[in-house]
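Open the model in a viewer and keep the selection panel at hand. The stops below go from one selection to the next.

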Amino acid sequence: MISGGGDGGGSGAGASRAGTGVTLLAETIAAGQVTALRHAVVAAAGAAGLAGAALEDFVLAVHELVANVVRHGGGSGELRLRRDGDLLTCEITDDGPGLGDVRVALPAPDQVGQRGLWLAQQLTDGLEIRADDRGTTVRVSARLATLRAVTPPPPRAFPG
């Protein structure tokens, strides 16, 4: 298992809460559906409260993971987007051959490809990978901004 956050460290924000919360989106991954899935993730994550650059980053991370399923994970899989409080988690699974001993790191500049997992780690608040002989599960998470009630300061008294 590999886990970490956008700074390359951390504990994988989604790791302990994977099975809880509300499912916002559950879809099958297939080559012909990558664009439609991206749009569905934008809509569902946006409706959950993710916005601006955080939404764009999260969607790009999920897109990279979906593309990995199509290219390297047997061509099909499952996507499940969940919300648990202020945590948004997207879990991607496939039935591919597994990753073996993978290291999430930026490859050399002259190496083609191999940046999807690294990007997903950089663009989200948590990345967790589980792989075995039955396939791979990758989970990314993002914290939703919590709205706090702002109390205005008391009126100032002016000398009279």
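How many salt bridges does the structure hold? There are five, a salt bridge being a side-chain nitrogen of Lys or Arg within 4 Å of a carboxyl oxygen of Asp or Glu. The model is predicted, so local features need pLDDT of at least 70 and side-chain atom pairs count only at pLDDT 80 or more, while totals for chains, interfaces and linings use all residues. Residues are numbered from 1 along each chain as its sequence is written, and side-chain values use heavy atoms, with hydrogens and water left out.

Select Glu128 and Arg130: the closest N and O atoms of this salt bridge are 2.6 Å apart. Glu128 is buried at 2% relative accessibility, and Arg130 is partly exposed at 45% (buried is under 20% relative accessible area, exposed over 50%, partly exposed in between, with a 1.4 Å probe and protein chains only).

Glu128 lies in strand β5 (residues 126-132) and Arg139 in strand β6 (residues 135-143), so the pair ties together parts eleven residues apart in sequence. Strands are DSSP runs of E, at least two residues, and helices runs of H or I, at least four, numbered from the N terminus. Arg139 is buried, at 9%.

Move to Asp132 and Arg134, another salt bridge, at 2.8 Å, N to O. Asp132 is partly exposed at 32%; Arg134 is exposed at 63%. Now select Glu91, Glu128, Arg130 and Arg139, which salt bridges with shared partners join into one network.

Last, select α2 and α3. Residues of α2 including Phe58 and Leu65 meet residues of α3, among them Leu119 and Leu123 (contact means heavy atoms within 4.5 Å).
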